[in-house]
Amino acid sequence: MSDLYIDETLILNDLHAADADEALRTMALNLYDHGLVKESYIQAVINREQEFATGLPTKGPAVAIPHTNKEHVHQKTLSIGVLATPVPFGIMGEESETVPVELVFMLAMDDEHSQLSMLQQLMAIFQDEQQLSFFKNTNDKTKQKEALIDALSLSRQGGETR
Amino acid sequence: MKKRVLVACGTGIATSTVVNDAIENMCENHNIEAEIIQCKISEIAGYEDSADLLVTTTVTKKDYPFPVINARAFLTGIGTEETEQEILHALKQ
């Protein structure tokens, strides 16, 4: 188990993508370029999204939480993609229904039981219309990163957080 | 009798973790004795004969001999109360 890594370079504003695959590929490639995931993560996260969709309708902008198995992950981390135009993602738990997603929270997780509070706090963001709108509209990576760290109750110590 | 509840998602490590905790709390608040097993949806077959309920965030492609409840509400906060009632109802059978 390692600490959650959050960095401005993992916040992608105005992300142009024609479809979910392209959005995932861009975000996953960015994680790979930063040495946080293995190359295999990229295809794995795309495949998993096709098999188990992660789109979530919320009361505000819809979100998706793509993720995959821990063997593809080097460092536990979280990347945010703010889509330039909404992209349809399959809705989690639905056969074929989709939702136009505006915010993608890509998770790279390395441990099965260490992330409950992080996940719960992430879900709390999804249940807070104002926070979602903030992440969507702010377009300032420093502010977005700070808001994310606050929301996840992480201490502010550079990129590495505990 | 103690109920066996399966909580499953695609990887068994992300959304099921959140749902698992929500159900644990729910059972505690309602004095329901339950054994909660968190797993991948692909592992459900191994519990087919022994489980009383499946709560999942993914699509289930086959029929199971126990009720299946969609747990997305625990992630989005939309319809949480209805889902809780559904689960409680299933556990009180």
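Which strands of chain B does helix H1 (residues 15-29) lie across? I looked this up and found E1 (3-9), E2 and E3 of chain B, with H1(B) running at about 155 degrees to E1(B). For such angles, axes are lines fitted to C-alpha atoms, for helices over the stretch in contact, and run from 0 to 180 degrees between N-to-C directions. Helices (H or I, at least four residues) and strands (E, at least two) are DSSP runs, numbered from the N terminus.

A note on sources: this is a predicted model, where local features need pLDDT of at least 70, side-chain atom pairs count only at pLDDT 80 or more, and totals for chains, interfaces and linings use all residues. Residues are numbered from 1 along each chain as its sequence is written, and chains are lettered from A and ligands numbered from 1 in the order in which they are written.

Next I turned to the sheet. I read an open sheet of 4 strands in chain B, ordered E2-E1-E3-E4 with parallel pairing; two strands pair if DSSP finds at least two bridges between them. Strands E2 (34-40) and E4 (68-70) of chain B are the edges, each pairing on one side only. I followed E3 (residues 53-56) of chain B to E4(B) and found 3 bridges in the parallel sense, and B:Val55 has B:Ile69 in E4(B) as its bridge partner.

I also checked helix H3 (residues 80-91) of chain B: H3(B) lies across E1, E2, E3 and E4 of chain B, at about 165 degrees to E4(B).

Last, I looked at the chain contacts (C-beta atoms, placed from the backbone, within 7 Å). I noted 17 residues of chain B in contact with 25 residues of chain A. H1(B) gives the most to this side of chain B, with 3 residues.

Technical notes: Contact = placed C-beta atoms within 7 Å.
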